[in-house]
Every structure is written in C-alpha cells, then in structure tokens.
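Hello,

Here is the structure we spoke about, to open alongside this email. My notes follow below it.

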Amino acid sequence: MNWTEEINKRRTFGIISHPDAGKTTLTEKLLLYGGAIQVAGAVKSNKIKKTATSDFMEIEKQRGISVATSVMSFEYQGKIINILDTPGHKDFAEDTYRTLTAVDSVIMVVDSVKGVEEQTRKLMEVCAMRKTPVIVFINKLDREGRDPFDLLDEIEKELKIRVRPLSFPINRGTLFKGVYNLHKRYLNLFRPGSQRVSEDVIRITDIHDTALDRLIGEKDANQLRSDVEIVETVYDPFDKEAYLQGTLAPVFFGSAVNNFGVQELLETFLEIAPPPRGRETDKRFVESTESKFTGFVFKIHANLDPKHRDRIAFLRVVSGKFERHKYYHHVRLQKSFRFSTPFSFMAQSKSIVEEAYPGDVVGLYDTGNFKIGDVLTEGEEFHIRGIPSFSPEIFKELINTDPLKSKQLEKGITQLTDEGVAQLFTQQPGNRKFVGTVGELQFEVIQYRLLHEYGASCRFQPINMTRACWLRSRDKKKLEDFIRFKQSSIVYDKDGHIVYLAPSEWFLKMERENNPEIEFHFNSEFKTEQV
Ligand code: G4P
C-alpha cells in the first residue's frame, strides 16, 4: 500500500457529549460494527459516576479502564478508525479539550429529551476554535423527546453552527417508527434491540412513492412528506466543504442503545469525515503527507502501579512514519529518544507496533520526559499550535502539611500537572503554589495521588481567584509596572508565562479598562483564542 493510501484510509475522531447523552453507548455500538467487540456491554464505561465528589476512589479504579479505552482502533470497510475517548465527567473537561487537539473531526451526541446542555456548549466552543468538523447525532428517539425542528433550531442557536439534517425521524417515543435518510434516500425502520449489526433499510428514492404509506401508514407517511418538504426548503443542500471547514454540521437521528441509526451514521461518517490532517506549528503548517515524521503528545496517563512511576504518553502521528527503535528529536528537551515498546490500541488490546502513520495514536512508556504538547520530529524545531491551557475555573493554594516531604511534594505536583490533571501556577518571590482546575474533584484526586504515589501530604486552601489571564504587552515598562503593583495576583505558569489571577469578572474588566496597553488572554496560546 502506498503512502497516501495509508493516510487516506485512516479516520481519527472523538465522540463528545454532555454526560448521559449516550456517548459510551454509541462508542460501544460503533465497536460492535467494527468487530472490535463481540457483544454489547463489553466496553466498560470509563465514565466516572456523576453522583458525588467523594467518588474519587472510583476514579482510581477507573483509571485502569480508561487507559484501555483511551484510544479504540478498528477496521471497517477498509478504513482504520481511531476513536479517541474523552472523559464525560465535567471535572475532567480540560482532558477532553486536550484530546480534541488530536482528532480530525468529532461526533457530537445530543439527548433528544434534554437538547443542548452545558457541556455540549463548552465542547462545541473548543471545536469551533479549531474549526473541527462536527457531525451531530440526536439520540434517544425511542423516548418522548422534543420536536426535531425545535432541536435543530436550538443546536443552531446555542452551538452557533449551521445544521443540515441528513435523516429525519418518523414520530418519537413509543410511536417511533424509524428515520428517512435524506442523503441516501432510504427508509430505515426501527426495531428495538441492541445486538443487531445491520440495519433494516428500504430504498425509497421518491418520498411520494405509495410504498411508504404501506410501510408506515398513511398518516405518518404524509407527515414525513411534509417534514421532508420543510427540511428541503428551510435548509440548504448538504455542503461537504462547509462541513469540512467546521461551519456546517450534518445531523442524524437515532437510538444508540437500540443500535438504531448507528450504521447509517458510521457509513456517512466514513464517506464525509476528513482523513488525517496536518497541524499548524509556530513555524509553518506541517502537512500529513510530508515524509518526515512529526508527532505530538496530547495526553499523559499515570500508570496504575504506584511503585513504578512510569506513565504512558499518547502520541498523535501528524506526518511521516513513526518507527519502533528509531531515534527522534524531542524539541523541548533538545534530546534524542527512541522507543523499544511503542504500542497501539487495535481491537482494544495493547500490542507493540513497528510503525504508525498519520492519524494513528501510539502509546509510549515514559519515565517523566514528556509533557502535554511535546513534539517529536526528525530534527526540525517547532511547536504545535492549538494545545493551549485554558483558564481554570477553581483555584486553590497548595499547602504542604509535612515539611520533611517538600521535595516529594514538589516533584509530585510537577508530574501530576504535566499529566494535565490540573494547572500549576507559582508566585515569586515566596514560591507559593496555586493549583487551578475545572472541577472540585481534581483536588481530591491530586491530594490522594500525592499521598499514595509520592508520599507527600498536603491540603488545599481556597483562594479568592476566579480567572487566569495570560498577559502580554508591547510596552515592557507598563507590563513591569503592572506586575509590581499587582504582585499579589501575579503568578507564573509552568512554562514561565506571566499570569494575572483575577478575583472577579468585575475586577478583570476594570483592570482591562485601566490598562489598555496590556493584553489579557484567556488561554496560553493567544492566536487561537476566542474571547
Ligand atoms: P454517556 O457516556 O454520554 O454518559 O452516556 P451513556 O452511554 O452511559 O448513556 C447514558 C444512559 O442513557 C444509559 O442508561 C444508557 O443506557 C442510556 N441510553 C443511551 N442511548 C439510549 C437510547 O437511545 N435510548 C434510551 N432510552 N436510552 C439510551 P443508564 O441507565 O444510565 O445506564 P445503563 O444501566 O442502561 O447502562
């Protein structure tokens, strides 16, 4: 197989949703089609039960599972499909945002009963920032959900993306009869059941065909005709280019738990979703078709065995071919590394890989050499853009409660924040450490892991800060003055960038107005930002 064929046969994507919309169920059904699993229920949900924050022990258990489900690869109709898993729990949203840097497109699951929810909105903002192509799957049509046109309107309005239904449902809830595929012009009849691996489709190219009345009854056939007419007049025809640019989302309706509409989704996905794309760097755009290898780390996972502090770094291949035993240049450390046991995630089992191509994700055993965003090349020097840190939402000061273990604490917190579980900010002078997260749960996780993996005990003290802003100014003097005057709110991130911690939105607004020469950025990488 030649080089471009290898690249073109890969599709690397993520499934995202608000918790409970059906992401895990849909993932499982896709794996069922891919033959990666034999029976439904085989994929343990890596979602952390959403009940209480005290569930962090559960997270420890789940960490093992989530390594296995971090990347799920399988072959379907000659294509290699890599699904990158994203944690559903809100408190792990940062991890999800990072994983989205490594995908080329996403499938967004929306619950037909609940419509657009908080996480759906946030995740969509991240996709919009990167112009990631999105397909929407409206799930749970077997339940008494909302009117499909209302849902489509809500998605357009709330997610700020144009939509184009490619299928349309016939009733919903107990009366749900199936969907009509507007793209391929067939009727997909609903039969409840979770283990089917092929859908019951009947070709009806003309919606006015009387066969439709015989199949679903005259009343529903007429309703469908009228709905389809509305769709065809209200929405422009599907424009693949607009989808690829991330400005138009095709929409499907179905029921993941009943394995309904999933094959339809998968097949259209394979037809329209982009093959592995290149990545923007601070020097130039790296095309996926370039022959020299480039890859970047988007996720780091601590190993389960606390006695061995090695970790797994997840590397997305951007260009060229990754080869086992070959030396690569680690740009940040300016060192060469080679990997004797890189592994892939084919059919849910870890197996050593000899080579990997653009779009693939390789697991690398790491003893502390990698941070999220690190780049490996064949010698070229650049950093991949689009892997910024976002402002955390909760900030607390890390207080050492065992002075004899300061070194362990320092090392532990550095390594844990390298993994991306939280962000670390340090204040100078004084070396005070502030940890920023998107959820309370992380503080418990960090405290627990520091104690069990590093033997360091600590507590977290709430501080009155709500937002991190990365500062920049052309006027050096003004910036220095600001840093001096606001010393108690100035900290440095792990890369040494100057960060202002704002006590409130009101304060932030005031500081921006009073200091027009200073730029306040809400993520560490200004170019991709949306304010
Ligand atoms: P998530 O990963 O997005 O958090 O959601 P998940 O797939 O775990 O699904 C959340 C719940 O919704 C599950 O029920 C699941 O069975 C159900 N579900 C998924 N798809 C459909 C669908 O098409 N129709 C209906 N009616 N339900 C659906 P649960 O009770 O939380 O878990 P379980 O005990 O059923 O596994």
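In which helix is the place of Leu-266? Leu-266 lies in helix H10, which covers residues 262–272. Please keep in mind that the model is predicted.

Leu-266 has a relative accessible area of 2%, which is under 20%, so this residue counts as buried. Apart from neighbours within four places in sequence, the contacts of Leu-266 are Leu-30, Tyr-33, Tyr-76 and Ile-81. Ile-107 is 159 residues away from Leu-266 along the chain, yet the C-alpha atoms of the two are separated by 10.0 Å.

Next, a pair of helices. Helix H11 (residues 406–418) packs with helix H12 (residues 441–454) at an angle of about 125°, and their axes are 10 Å apart. Because of that angle, H11 is oblique to H12. The crossing of these two helices, H11 and H12, is right-handed.

Which residues of H11 and H12 meet? From H11 they are Gln-408, Leu-409, Lys-411, Gly-412, Ile-413, Gln-415 and Leu-416, and from H12 they are Ile-446, Arg-449, Leu-450 and Tyr-454. Sorted by kind, the residues of this contact between H11 and H12 are six nonpolar, three polar and two charged.

Last, the cysteines. A disulfide is a covalent bond between the sulfur atoms of two cysteines. How many disulfides does a search of the whole structure find? The search finds zero. As for individual cysteines, Cys-458 has a relative accessibility of 7% and counts as buried. Cys-469 is also buried, at 0% relative accessible area.

Regards

Notes
Residues numbered from 1 in each chain as written. Predicted model: local features only at pLDDT ≥ 70, side-chain atom pairs only at ≥ 80, totals over all residues. Heavy atoms only, no water. Axes fitted to C-alpha atoms, helices over the stretch in contact; angles between N-to-C directions. Helix = DSSP H or I, 4+ residues; strand = E, 2+ residues; numbered from the N terminus. Parallel < 35°, antiparallel > 145°, perpendicular 65-115°, else oblique. Left-handed = near helix turned anticlockwise from the far one by under 90°. Contact = heavy atoms within 4.5 Å. Nonpolar A, V, L, I, M, F, W, Y, C, P; charged D, E, K, R; others polar. Disulfide = S-S within 2.5 Å. Buried < 20%, exposed > 50% of the residue type's maximum accessible area, 1.4 Å probe, protein only.
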